[in-house]
Amino acid sequence: MLVHSRKGKWAAWVAFLVLFLPLFALPLLVIVAASFATSWSSAFPTGFTGGHYRAATSGASLQALTTSLVTAVSASVLALLIGTWAALAAAALKKGGRRVLDALFMLPVAVPSVVVGLAVLVAFSKPPVLLNGTRWIVILAHTILVTAFAYQSVSAAIVRLDPAYEQAAASLGARPSYVLWKVKLPLLLPSLNAAAGLCFALSMGELSATMMLYPPDWLPLPVQIYSTTDRGSLFTGSAISVVLMATTLLVLLLVSRIRTKASYR
Amino acid sequence: MASATLGARAGVRVKSRTEIPRWVWALPPVAVLGLVFLYPLALVVQQSVTPDTGGTSLQPYADVFASSAFREALGTTVWLAVGATVGCLVLGFALALVIAFVPFPGGKAVAKFIDVFLSFPSFLITLALLFVYGSVGMANGLWTDVTGAATGPFQFLATPWGVLLAEITYFTPFVMRPLLAAFSQIETAQLEVASSLGARPARIVRQVILPEALPALAAGGSLVLVMCLNEFGIVLFTGAKGVTTLPMLVYGKAILESDYPGACVVAVVNVLISVGLYGVYKVVSRRARA
């Protein structure tokens, strides 16, 4: 307790709310309000309509939603596979080797996403691997970007893992592959889940690399929001944004439910 | 893997099978990463020294460095990132201080809300600000309603200040999270002792809390600095012609002008700055944990 007087406490709380509400709560509320409004030319939105949602859940926007879902799920699965493998392999290495792997796999976080997009575009626009113009180039870029986060959270979990379990299993004669499947991975399951949620959320909102790469027939939600608002349809853009936020939250919620179930095991 | 060392140490299972060396297991993911990320990055560097006219020269670098658009973008990027980082640090410190040390009902919910906030894409903030401070948004609407003027006073959204506001809003939670973790490590008894000895809150913050929080502040600050340097969505959605940052320049040169050597030069510069700072962040955050 830092402030003891009643007055001081209230002053701190009021200051907190004055800063917190307009900066963080207002933007999200405003987007939700705008998604239901017919016009907004004074202090508050006027008119109520569900029409923006009809536009946001049909035609091109609906297709963008499925595009985003497919991209995010594929990128997350691939990223989890590569990231977990790399993290497990790194944990088995000596300090020097682990440092190298850490640096390599964290590099995509430091490199600007736009540059990741540019690099993928430069590399895969010509034979032998011609991916430019296909959906695979978008999925590939998303995978590169989120693998770093999968690697980071799985390695953090491996460090916290109690080595006693695998040592006990191994001393009872379990082969390394058996220890990995039956002891290590089940113990890591909660953090794998968390990593999956993180990867999914990041991929759903990815805009920078996608803007560099997307082919006309593979338009993820963020690009759809950009092109909608760029045309001036701010309200429809808000409705699509709400769809994006709701989908992300829903998936995160589902993932966290699996996580609580897994941690009871 | 662990069984080998354990077995060897206990002398139970002497190398009966030929074990695959551990580093071999690291090869497949590294090979994948090399193919899809490191090799493309190398191609970007190669492209940056290969002008459209052919051959290998540093001409693209000379051209880009000489252009005023690049210098302006570099300046804008750096001052926006530094400004946003300072703003995030001050604001994040103040907010985290209240959540941690002046607890109120609903504080937990606020912390949860921050986590949720972090899972949304950054450009949503700019979209929201259009409704709040845009030319026909809430703030200007309120102003014209009250004063009867034709236009409101808030016209900063398309300027760097709008980008700065959006970046501070979006990145402050990234500072708050490590700070809240650091604050939870501080013994409340320390604060009680200091206050019973007659220290006022301002002094407790300065002499007890701030020294404890410095590593977390440094780590959070350098992370936000890197993320601001790399931010693209916020600037793109602002739609301001006057605000060009390095990532915007990369996008503009590559996609809108099809000037790949130029885009690659800007990309190389951006990567050098960001990766350099990210290295600093890793060092600082390792020290923060120690």
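This is a predicted model: local features need pLDDT of at least 70, side-chain atom pairs count only at pLDDT 80 or more; totals for chains, interfaces and linings use all residues.
## Annotated spans of chain B

For residues 78-104 of chain B, the end C-alpha atoms are 38 Å apart, with 89% helix and 0% strand.

Both spans come from a UniProt record: the unreviewed entry places the feature "transmembrane region" at residues 23-42, 78-104, 116-136, 156-176, 213-240 and 260-281 of chain B.

## Contact between chains A and B

The contact between the two chains involves 70 residues of chain A and 71 residues of chain B. On the side of chain A that touches chain B, helix H1 (residues 6-36) of chain A supplies the largest share, 13 residues. By class, that side of chain A consists of 54 nonpolar, 14 polar and 2 charged residues.

## Domains of chain A

Chain A is assigned domain 1 (8-49) and domain 2 (52-264). The C-alpha centres of domain 1 and domain 2 of chain A are separated by 31 Å. Their contact takes 6 residues from domain 1 of chain A and 8 residues from domain 2 of chain A.

H1(A) gives the most to the domain 1 side of this contact, with 4 residues. That side of domain 1 of chain A has 4 nonpolar and 2 polar residues, and no charged residues.

## Nonpolar core

The largest nonpolar core has 166 residues, and those with the most contacts inside it are A:Leu118, A:Cys199 and B:Val250. Helix H4 (residues 68-101) of chain B provides the largest share of this core, 14 residues. From chain A, at least three residues of the core come from each of domain 1 (8-49) and domain 2 (52-264).

Leaving out residues up to four places away in sequence, A:Leu118 touches A:Met212 in chain A, and B:Val44, B:Val250, B:Ala254, B:Ala263 and B:Ala267 in chain B. B:Val250, one of these partners, is itself among the core residues with the most contacts.

A:Gly117 is part of helix H5 (residues 113-123) of chain A. This glycine counts as buried because 32 other C-beta atoms lie within 10 Å, where the cut-off is 20 or more.

Apart from neighbours within four places in sequence, A:Gly117 is in contact with A:Ala141, A:Ser208, A:Ala209, A:Met212 and A:Leu213. A:Met212 is also touched by A:Leu118.

Conventions:
Residues are numbered from 1 along each chain as its sequence is written. Chains are lettered from A and ligands numbered from 1 in the order in which they are written. Two residues are in contact if their C-beta atoms, placed from the backbone, lie within 7 Å. Helices (H or I, at least four residues) and strands (E, at least two) are DSSP runs, numbered from the N terminus. Ala, Val, Leu, Ile, Met, Phe, Trp, Tyr, Cys and Pro count as nonpolar, Asp, Glu, Lys and Arg as charged, and the others, Gly among them, as polar. Domain bounds come from an automatic or database domain assignment. A nonpolar core is a set of buried Ala, Val, Leu, Ile, Met, Phe, Trp, Tyr and Cys residues joined through C-beta atoms within 7 Å. A residue is buried if 20 or more other C-beta atoms lie within 10 Å of its own, exposed if 12 or fewer, and partly exposed in between; C-beta atoms are placed from the backbone. UniProt positions are given in the numbering used here, feature names are shortened, and annotations may be inferred rather than shown by experiment.
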